[in-house]
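Subject: Structure handover

Hello,

Here is the structure for your files. My notes on the contacts follow below it.

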Amino acid sequence: MVLRLLKQAWPVLGLLLPLAVIVLLADQFGSISVERSVTEALIKIVTVVGLYIFIGNSGVVSFGHVSFMAIAAYATAWQTCCSALKPITMSGLPDFLRSHTYPVLPAGISAAILASIAAFVFGLILMRLSGIAASISTLAALFILNVVYSNWDKVTMGTASIVGLPTYVTPWLAFAVAGLAMVIAYLFQISSWGLALRATREDEVAARASGISVYWMRLAAFTLSGLVMGMAGVLHAHFLGTISVDTFFLSLTFITLTMLVVGGMRSLSGAVLGVVVISFVTDILRRMESGVSVSGQEIAIPAGSQEVVLAVVMLLVLIFRRDGLTKGREFAWPFARRQSISETKHGDA
Amino acid sequence: MLNFIQVLFDAAALGSLYALVALAIGLVFGIMRLINFAQGDYLTIGAYALVVPTASVTPPLLFGALPWPLMVAGVLATCIIVALLTERIAFRPLRNANPATLLISSFAVSYFIQHALMLVHTGRPKSIAMGSSLAQAIDIFGVRIPGVQLVTMTVTVSLLIGFVILLKKTAIGIQMRAAAENFQMARLLGVRANKVIAFGFALSGFLAGIVSLLLVAQTGTLDIKMGIMPVIFAFFATVIGGMGSLAGAALGGFLVGVTSVLLQAYLPPDLRAFRDAGVFALVILVLLVRPKGLIPSSASRERV
């Protein structure tokens, strides 16, 4: 019985255990900068798992998801930030936000829920489209939200940064939220709705013919992924302590999509592995850009190399391993006997 | 009334520019289902080819120093070569991938070009003195029209006519239309895929070169991200017009440009900042009402 449960939960546990070891090592032995890199990567895991819930299960590529991060980040900033300056810099806020400050936990939860509501409302319109038209309109949605948040000066301070959010995000908190995101994603993917959505990904016509409503399944996934993106947005805001609308735009979209594609967008393991690999590579390049000393000599590679390498990695994976590093498989139960292969493949279904 | 005519001219000039970029995107999409986001970066490279790579804000001229026919030829050649290179290296191996994968790969190419340019030219915006004779306004019945706008419109109209002739009358043009209609069938009938696709990319590079010259003549500035907004608008223009339909792309470009200028001119001042959001909302609206665009083509069908 316990073994069965363990097997069922393995795709998540098998990801969480190594991550826990990394966090533990960084927490005990790492310098502050290593600790920050690890936290950042964990937040990226929440983000990419959020992307995965929709893109991985439905097969529709969305370029607009980081907007929901922005929505949640701003929502939590309105509730927790800078009580003294708020009435002046963000005078357009409604009174209950302008003159009150709320505790961080309810603020974070309500912000993530607001993001999922926004995803639901956008989804009501966007999910009517399918294929490439859906992808394009998510891109349009990204631009719409960017324009609105950049110009709604009285509420968002325009393109200026909001500074002074409480920074309470530790590696362990980020790890806990990443775990929560992975559990949500996994439960959704093995649920009957998740299965139905995966069926529409493989063959939309056949799925429709079997009585699956493509619209509602996609909308459910879109809303749920909006919630997880919201969680990522809250973490992001309270990790850096400052937010600005242009952080949540094309560059972040590109990096998170790269992570998902490199890992393999059709499995949860792929989403997580992609983040780990790309974060590791970019972190090393970033350190090299700021200069490393090799045998007494300070060597730095020019700024921008990090992005160039990232783009090349992305293209190489797209060309030579289109299904990503994991090829769309989940971590298999390592102690399986031959005949139980069908069981271990269950998570892949 | 005069004011209105002036606004109309602004609208037509901006619309022409978007139409040219949209045409390039539409050409490539029609043949290989690739929405080429890197189109904007071809034109950025073209613009940067005018100057010598330095960290200076007012850099010495490279192609910009040549007499203008040579300068135009230099920029066009640069854009065409870059377009062909990206096709050969990045897009050809992915030819049978689905449109979403292709779109992601074109994002990667665009990201690559931008940051490679940043490595060479640094990320600072630069200014460049060029085409000052074009910047003078011409007075026509009391309406002042900047020379650049007239040139833009003239170039667009003549290019559109040129394209129609190319596509209807020449062998390669007919092959391109056949490939856009049904790629498999065209190949079976002896159309050479590599040649037609490479020609499509060369044309899109050519258009990028033209647009980059027009843009630089208008603004006199260089910026790593200067290609992004034109390509975004043009990209949405092709969607509105109908993916893969060239007439649709040109029409969509005009519509987007005109809508943008009209909203800027006639929205109440409080809402003016949100103008672009209105244009993008128009995209979603058109997709909802007519998912295949205003002028649908056979290319907008999903291939089974």
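B:R95 and B:E87 form a salt bridge, with their closest N and O atoms 3.1 Å apart. The term means a side-chain nitrogen of Lys or Arg within 4 Å of a carboxyl oxygen of Asp or Glu. Both B:R95 and B:E87 are buried. Buried is under 20% relative accessible area, exposed is over 50%, and partly exposed lies in between (1.4 Å probe, protein chains only).

Ground rules: this is a predicted model, where local features need pLDDT of at least 70, side-chain atom pairs count only at pLDDT 80 or more, and totals for chains, interfaces and linings use all residues. Residues are numbered from 1 along each chain as its sequence is written, chains are lettered from A and ligands numbered from 1 in the order in which they are written, and side-chain values use heavy atoms, without hydrogens or water.

**Other salt bridges**

The count over all chains is 11. A:R218 pairs with A:E204, closest N and O atoms 3.4 Å apart. That pair links distant parts of the chain: A:R218 sits in helix α12 (214–240) and A:E204 in helix α11 (204–209) of chain A, 14 residues apart. Helices here are DSSP runs (H or I, at least four residues), numbered from the N terminus. A:R218 is buried at 4% relative accessible area. A:E204 is partly exposed at 23%.

A:R287 bridges to A:D283 at 2.9 Å between the closest N and O atoms. The two are four residues apart in helix α14 (268–289) of chain A, so about one helical turn separates them. A:R287 is partly exposed at 32%, while A:D283 is buried at 16%. Shared partners join A:E40, A:D283, A:R286 and A:R287 into one network.

**The chain interface**

What holds between the chains? In chain B, 39 residues are in contact (heavy atoms within 4.5 Å) with 40 residues of chain A. The buried area is about 3400 Å², 89% of it from carbon and sulfur atoms. That is the accessible area (1.4 Å probe) lost on putting the two parts together, summed over both. B:I104, B:Y111 and B:I284 supply 20% of what chain B buries against chain A, more than any other three residues. There are zero salt bridges between chain B and chain A. Elements giving two or more residues to chain B's side are α3 (68–91), α4 (99–121), α10 (228–241) and α12 (275–289) of chain B. α4(B) gives the most, with 14 residues.

Best regards
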